[in-house]
Amino acid sequence: LITVPLNMDIDIRNSYGLVKANGVGKATIYNRHGKVAVTNVVGELKLENSYEDVDVEAIQSNCWITSKHSTILARNVKGEMIIDHAYGRIRLLDVSGKIAINAPHTEISAEDLAGPLDIQNSYEKISLSRVGPTTIDSRHAGLDIDDVSGNLEIRDNYERLKLNSLSGNLWVSGKNLAVFGREIRAEQIYISSSYEDVELVDFSGKTTVLLSHGNVSLTPLPVTAAIEIRCDYSPITLYWPAGEKYPLEAQTKNGDVFWRLPGDILIEEKNNLTRARAFADLVDKPRLFLSTTYSDIRIEEGFPK
């Protein structure tokens, strides 16, 4: 046990075993093979270890953590965070500043982050709740994201994205990436994927979906901006906002258009292309365009909001 004056700067180099620090100023800790627990740091914290857990709490300034084969728990960090990690877990709670995480083969969970947040990882799940603007670049990582205040940008593949409650723009790009989104209030929504389903419920904003070999299901709020869906080999189902009218064009090659709403629709068939138009005279309303190949388009009345 080493006792130092309160808020004194420290520099610790250790090879094996536990390192604990509490009530210090600026702290630099290197522990090659051991657990590190740090609380109540007034200044910056720089920490590096491996093979044992890291627990930090009440850090008043910036924080850098480098680790591998461990679990990192960080709570109540007032400054920025930079984390380099591999093969383990990261859990963050109540971080005020910018966060950058590079963590392959690492499960990541976080709550109450002001952001912006930048994550790079692979092969393990990411779970986020109550976060600010977020960018995720991942591979083979399932994503479960709830309550984002700001823009959300995602690159991923061969997994499933579950998104709930977004107040900001959404941009998603991936292969073999299933996307389910609910309660999205955006100026722009862009989704590009393949071989998995895309479902959006209670969303608004200019929306573009590009998909091949998957199902598209859309239940928009009353439409305030254009919706454009372009697919190949993908059935499309649109649940039309009850009682609303918008100019619609729907076309499918080697498929059918099924219209389940009151009101007239003009359907033309030529050279295996079926094209349907409705409410074409409403030039002051946002336009809906649906296109696919070798699949059907279904337009049904949604539930009243």
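Modeller: The model is predicted, so local features need pLDDT of at least 70, side-chain atom pairs count only at pLDDT 80 or more, and totals for chains, interfaces and linings use all residues. Residues are numbered from 1 along each chain as its sequence is written, and side-chain values use heavy atoms, with hydrogens and water left out.

Colleague: Why is Thr237 called buried?

Modeller: Buried means under 20% relative accessible area (1.4 Å probe, protein chains only); exposed is over 50%, and partly exposed lies in between. Thr237 has 18%, so Thr237 counts as buried.

Colleague: What makes Leu290 buried?

Modeller: Its relative accessible area is 0%, so Leu290 falls under the cut-off.

Colleague: Why does Thr292 count as buried?

Modeller: Thr292 has 2% relative accessibility, so the buried label applies.

Colleague: Which strand holds Thr292?

Modeller: Strand β27, residues 288-293. Leu290 is also found in β27. Strands (E, at least two residues) are DSSP runs, numbered from the N terminus. Thr237 lies in β22, residues 236-240.

Colleague: What does the side chain of Thr292 reach?

Modeller: The backbone oxygen of Ser234, at 2.7 Å.

Colleague: Which residues does Leu290 touch, not counting residues up to four places away in sequence?

Modeller: Contact means heavy atoms within 4.5 Å. Leu290 touches Ile229, Ile236, Leu238, Leu248, Glu249, Ala250, Gln251, Ile297 and Ile299. Leu238 sits 52 residues from Leu290 along the chain, yet their C-alpha atoms are separated by 9.1 Å.

Colleague: What is Thr237 in contact with, leaving aside its neighbours within four places in sequence?

Modeller: Val216, Ser217, Leu218 and Arg298.

Note on methods
Helix = DSSP H or I, 4+ residues; strand = E, 2+ residues; numbered from the N terminus. Polar contact = N/O pair within 3.5 Å; in protein donor to acceptor, adjacent residues only side chain to side chain.
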